[in-house]
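Please look over the structure shown here before reading the report. It is written for someone meeting this structure for the first time.

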Amino acid sequence: MSEDRRAEGQPDQSPWDMASGAFIAWRAGDAGAVDELVAAMTPVLWHVVRAYGHDRQSAEDVIQATWLGFVRLHQTIEDPKAVASWLITSARRGAAAHARTARRAAPVEDETLHAVLPDAESAEAIAQRDDEAARLWGAVASVDERCRKLLRVVAFMDRPDYQSLSQELDMPVGSIGPTRARCLAKVRSALMRGGER
C-alpha cells in the first residue's frame, strides 16, 4: 500500500476493502500494492484452505497456486471489489481438488484394508492347497483300481459300512483294514516319488 493510502489508513478496514484498494492501486501501477494485497488476503486464504484439513505443506502449496493463478488471470477480474471473492473461490476450489487428489493417493495400512475386505483365503494358500491336492490325487491315480476304490470310499465316508464295502470290492471284511493300510503305503510311496505313475 502506498504511503498516502497507509497515512489515510483505516485501521478498521476489512481485508476485503484492503484487498480491493490494493488491487486498484496495483492495476494503476503501484507495484508494491500487490504485497499489500497478499498481506491482506493470505491469512484469509490460509483459513479457507486449512478448513479442508490440509497439513501446513499442502495448504502452502494450494495458497501458492492460488496466487500464481491470480497473477496469471488478474485481468479477468472486472470489479476490484470482487478480488477477495475471486481469491477465496480459487483457494477453495484448489483446496477441494487437492483433497480429492490426496484421498486417491493416500496409502492404506494393511490393518485398515483387512478390516474392510471379506475374509478370503490368500492366493498363496489356495495355490498351495491345490498343488497338494493335485499331487495327492496324482498319487492315488497311480495305484491299482482296487486300492483307488477303497481309498475313495474311506476318504469320503466318516464311518464306511464294511459289510457293503466287502461285497462291493469282493473282499473279506477282515482284510479291508490291512488292504487300506497297504494302499495308503502305496500312495505314500507314490508321493515320495513325486506322484509319478
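This is a predicted model: local features need pLDDT of at least 70, side-chain atom pairs count only at pLDDT 80 or more; totals for chains, interfaces and linings use all residues.

The disulfide is formed by Cys 147 and Cys 183, whose sulfur atoms are 2.0 Å apart. Because Cys 147 belongs to helix 8 (residues 145–156) and Cys 183 to helix 10 (residues 173–192), the pair ties together parts that are 36 residues apart in sequence. The link of Cys 147 and Cys 183 is left-handed, with -75 degrees about the S-S bond, and Cys 147 and Cys 183 are both buried.

The search of the whole structure also finds five salt bridges, among them those in the following table.

| Salt bridge | N to O distance |
|---|---|
| Glu 60 and Arg 56 | 3.4 Å |
| Lys 186 and Asp 144 | 3.0 Å |
| Arg 148 and Glu 145 | 2.4 Å |

Lys 186 lies in helix 10 and Asp 144 in the loop between helix 7 and helix 8, so this pair ties together parts that are 42 residues apart in sequence. Lys 186 is partly exposed, with a relative accessible area of 39%, and Asp 144 is partly exposed too, at 33%. Arg 148 and Glu 145, by contrast, are three residues apart in helix 8, a separation of about one helical turn; Arg 148 is buried at 18% relative accessible area, whereas Glu 145 counts as partly exposed at 41%. Glu 60 and Arg 56 are four residues apart in helix 4 (residues 56–73), again about one turn of the helix, and here Arg 56 is exposed at 54% while Glu 60 is partly exposed at 32%.

Helix 7 has 19 residues and spans 26 Å from its first C-alpha to its last, which is close to the 27 Å expected at 1.5 Å a residue. Its buried residues are Ala 139, Val 140 and Ala 141, and the cover over the buried residues of helix 7 includes helix 8 and helix 10.

Val 173 lies in helix 10 and counts as partly exposed, at 32% relative accessibility. Leaving aside neighbours within four places in sequence, Val 173 is in contact with Tyr 162, Gln 163 and Ser 166.

Definitions and conventions: Residues are numbered from 1 along each chain as its sequence is written. Side-chain values use heavy atoms; hydrogens and water are left out. A disulfide is a pair of cysteine sulfur atoms within 2.5 Å. Helices (H or I, at least four residues) and strands (E, at least two) are DSSP runs, numbered from the N terminus. Buried means under 20% relative accessible area, exposed over 50%, partly exposed in between (1.4 Å probe, protein chains only). The expected span of a helix is 1.5 Å times one less than its number of residues. Contact means heavy atoms within 4.5 Å. A salt bridge is a side-chain nitrogen of Lys or Arg within 4 Å of a carboxyl oxygen of Asp or Glu.
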